[in-house]
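Hi everyone, thanks for coming. Let me put the sequence and structure on the screen, and then we can walk through it together.

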Number of protein chains: 2
Amino acid sequence: MPVQDFTIDAFHRGRFFLVQPGARGHRAGMDAMMLAAAVPSAFAGRLADFGAGAGAAGLAVAARCEGASVVLIERAPEMAAFARRGLALPQNAGVAARASVLEADVGLTGKARVAAGLGDASFDFVIMNPPFNAGHDRATPDELKRQAHVMDVGLFATWIRSAAAVVRPRGGLAVIARPSSLRTILDAMDGRFGGAEIVAIHPRAGETAIRVVVRAVRASRAALSICPPLILHDAGDRFSAKADAINNGNASLFGD
Amino acid sequence: MPVQDFTIDAFHRGRFFLVQPGARGHRAGMDAMMLAAAVPSAFAGRLADFGAGAGAAGLAVAARCEGASVVLIERAPEMAAFARRGLALPQNAGVAARASVLEADVGLTGKARVAAGLGDASFDFVIMNPPFNAGHDRATPDELKRQAHVMDVGLFATWIRSAAAVVRPRGGLAVIARPSSLRTILDAMDGRFGGAEIVAIHPRAGETAIRVVVRAVRASRAALSICPPLILHDAGDRFSAKADAINNGNASLFGD
């Protein structure tokens, strides 16, 4: 990848910026903003962004939640490098003071995970936007099915198991995924996280959901609940007021 | 229960009637109507109403779907008697011609189930509104929790296993339940039913869902999807147009 193949993009109306790969590679967007919005605005503590990429979701939390310090955890060296370059931007000085990059594989287990910097009960919240969410968009329907079957189960189970290890009791977890992954996510949370709250994200009123955000509490035994959905667009093609507020870091997804 | 302790109630604006227990015992309402609405209006074939009570959901299907013949399956003799008395009402002649009562326990398995009249692959659709849905309403929060844990898992697993046995391949299943039962339902469907479609039912826009309807297809391997929610009430306390249409048998829940 040539050195100049990147862009610097403003998020939250200029409250933070990302250095991202250009035409090739995954570029952050709505998914990261909706995931970040699952964290309560009053959240204070240490948050891990699993599979952070260039840092979109984690930095969106840091920008909205002034008491949050975030660790952007990314396995791919080239994406971790983009995240580091983002933190080094002068215009990110505010959020960068409460952010760091950890180049590590969140799929590690046991001592290897701890040695990689992911200590037990060392975080107050974990957010995750698993990478295949993006991969699927470019896959053929057949590939999509195969990946959904093979990757979903393994990836979510592994990542959620890791989240359970690194989050303190009563700490939080938020996951964004396709609705087709809902059962896999709930099964992986079973016995580890409880009090799951689900927000379905629909492109328009009357249309099937394209994403689901599941938030849960470590070691809780509370029942699952289904929250009001998020409708992205009004009757026209404009963003709904709520989606716009979420995109710009002015609202949380669960209203807290 | 004294002989006179019953009421005759009109449903679907008088398109069918139920004989129901009076003050004591479970009386049918919105849950049964929303469950019935999960069946496509063009459905034609044999439908089983598991745990039919006085027959509300099954008769609602018979009233809206002219090609449906329904079997009201109820274990409790006193409730099965109410269902039979309902079918005998002169004003039910239209729907009663396509309805019958089977006094049987849908929790039976193997030969005992078949002997009770629930033959393998003998239905095109099963609907179920498990009885504890009502019991919960009168339970204390602690009882509620205990029941949710004990009854949910066992009851749903047993009933959905029975449904898988009696429904033909590509036949349908619809379940209404509390959102807290969602994972249990999806787990019980796994490997038996696919292409699950979820409708969350919210009292008002902006409020947490009180019910969830899950519809699925026997032996399908299609992915789960989340459909637009049903909002019961408008800003005032009036039913929304959609809820009113469903309550009165003029619309289906999934728009088909």
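**A walk through the model**

Helices and strands here are DSSP runs numbered from the N terminus, with at least four residues in H or I for a helix and at least two in E for a strand. Although His12(B) is not a glycine, its phi is positive, about 50 degrees. For background, most residues other than glycine have a negative phi. Is His12(B) buried or partly exposed? His12(B) counts as partly exposed because it has 18 C-beta neighbours inside 10 Å. The cut-offs are these: buried is 20 or more other C-beta atoms within 10 Å of a residue's own, exposed is 12 or fewer, and partly exposed is in between, with C-beta atoms placed from the backbone.

Before going further, a word on what you are seeing. This is a predicted model, in which local features need pLDDT of at least 70 and side-chain atom pairs count only at pLDDT 80 or more, while totals for chains, interfaces and linings use all residues. Residues are numbered from 1 along each chain as its sequence is written, and chains are lettered from A and ligands numbered from 1 in the order in which they are written.

**Confidence**

pLDDT is the predictor's confidence in each residue, from 0 to 100. Chain A averages 90, and 88% of its residues score at least 70. Please be careful with two stretches of chain A. Over residues 134-140 pLDDT stays under 50, and the model has six contacts there beyond four places in sequence. Residues 144-149 also stay under 50, with eight such contacts. By contact I mean two residues whose C-beta atoms, placed from the backbone, lie within 7 Å. For the complex, the predictor gives an ipTM of 0.88 and a pTM of 0.90.

**Inside the chain**

Chain A has nine helices and eleven strands. Of its 256 residues, 46% are buried. Taking the contacts in chain A with a separation of 6 or more, 68% are between residues 24 or more positions apart.

Now look at helix H2 of chain A, residues 56-64, where nine of nine residues are buried. Among them are Leu59(A), Val61(A) and Arg64(A).

Which residues touch the most other members of the largest nonpolar core? In that core of 168 residues, the answer is Ile127(A) and Ile127(B). A nonpolar core is a set of buried Ala, Val, Leu, Ile, Met, Phe, Trp, Tyr and Cys residues joined through C-beta atoms within 7 Å. Beyond four places in sequence, the contacts of Ile127(B) include Leu35(B), Phe50(B), Val61(B) and Ala174(B). As a general point, nonpolar side chains tend to be buried together in soluble globular proteins.

Ala28(B) sits in the loop between S2 and helix H1 (30-36) of chain B. Ala28(B) is buried because 21 other C-beta atoms lie within 10 Å. Setting aside residues up to four places away in sequence, Ala28(B) touches Leu18(B), Gln20(B), Gly53(B), Ala54(B) and Ala56(B).

**Where the chains meet**

How many residues does each chain bring to the contact? Chain B gives 22 residues and chain A gives 22 residues. On the side of chain B that touches chain A, two or more residues come from each of helix H8 (182-189), strand S8 (193-204) and strand S10 (225-226) of chain B. H8(B) gives the largest share, four residues.

How do the copies relate? Chain B is superposed on chain A by a rotation of 180 degrees with 0.0 Å of shift along its axis, at an RMSD of 0.0 Å. That is the relation of a two-fold axis. The superposition is by least squares on the C-alpha atoms of residues with pLDDT of at least 70 in both copies. The same surface serves both copies, as 100% of the contact residues of chain B recur in chain A. Of the residues of chain B, Arg183(B) comes closest to the rotation axis, with its C-alpha at 3.3 Å.

In chain A, helix H8 (residues 182-189) is mostly covered, with seven of its eight residues buried. Arg183(A) and Ile185(A) are among the buried ones. After H8(A) comes Gly191(A), whose phi is positive, near 85 degrees.
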